[in-house]
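This briefing walks through one structure by topic, beginning with the surface and ending with a single helix and its surroundings. Please keep the sequence and the coordinates open while reading.

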Amino acid sequence: GWEKQHSLKEKLFLQLYEEGLNIADPKVLVEAAKEVKIDEGEAEKAVNGPPNDDLGKKTMSEDYIAKSKLKIKGVPYFIMP
């Protein structure tokens, strides 16, 4: 759920900006996911698996459409209410 997503985002920011870790490293990503109680197998599948399965294609497509509508072209981006 969104709570784990938020926790993972916070963990990755901490690892990147305070610990100087390479958050593009699959091992670092999986370890971060485990630390916020995301199933290790699911994390490994998401990190190491191809984004070409049906769920990956759907997720990437929805993300691209949402960002396009908001004219988001870079990262990080923040949406303020």
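A nonpolar patch, as the term is used here, is made of residues with over 30% relative accessible area and no salt bridge, whose nonpolar side chains are joined within 5 Å. The model under discussion is predicted, and in it Leu70, Val75, Tyr77 and Ile79 form such a patch on the surface, with about 430 Å² of accessible area together.

**Overall make-up**

- The secondary structure of the chain amounts to 4 helices and 0 strands, and along the sequence this gives the pattern α-α-α-α.
- Of the 81 residues in the chain, 12% are buried, while the chain exposes about 6800 Å², with 59% of that area supplied by carbon and sulfur atoms.
- Among the contacts in the chain with a separation of 6 or more, 28% are accounted for by residues 24 or more positions apart.

**The surface patch and Tyr77**

- Tyr77, one of the residues of the nonpolar patch, lies in the segment after helix H4, which spans residues 54–69.
- Tyr77 counts as partly exposed because its relative accessibility is 34%, and partly exposed covers the range between the 20% limit for buried and the 50% limit for exposed.

- Helix H1 has 17 residues and reaches 23 Å from its first C-alpha to its last, which is close to the 24 Å expected at 1.5 Å a residue.
- The buried residues of H1 are Lys11, Leu12 and Gln15; they cover an arc of only 100 degrees around the axis, and therefore lie on the same side of H1.
- The face of H1 turned away from this buried side carries the exposed residues Trp2, Tyr17 and Glu18.
- Helix H2, residues 26–35, is included in what covers the buried residues of H1.
- After H1 comes Gly20, whose phi is positive, near 70 degrees.

- Lys11, found in helix H1, counts as buried because its relative accessibility is 16%, which falls under the 20% limit.
- When residues up to four places away in sequence are not counted, Lys11 touches Glu19, Ala32, Glu35 and Val36.
- Gln15, also placed in helix H1, counts as buried because its relative accessibility is 4%.
- With neighbours within four places in sequence left aside, Gln15 is in contact with Gly20, Leu21, Ile23, Val28 and Ala32.

Technical notes: Residues numbered from 1 in each chain as written. Predicted model: local features only at pLDDT ≥ 70, side-chain atom pairs only at ≥ 80, totals over all residues. Heavy atoms only, no water. Helix = DSSP H or I, 4+ residues; strand = E, 2+ residues; numbered from the N terminus. Buried < 20%, exposed > 50% of the residue type's maximum accessible area, 1.4 Å probe, protein only. Contact = heavy atoms within 4.5 Å. Areas by Shrake-Rupley, 256 points an atom, 1.4 Å probe, with all protein chains shown as cover. Patch = residues over 30% accessible without salt bridge, like charges linked within 9 Å, V, L, I, M, F, W, Y side chains within 5 Å. Salt bridge = Lys/Arg side-chain N within 4 Å of Asp/Glu carboxyl O. Expected span 1.5 Å × (residues − 1). Arc of directions from axis to C-beta.
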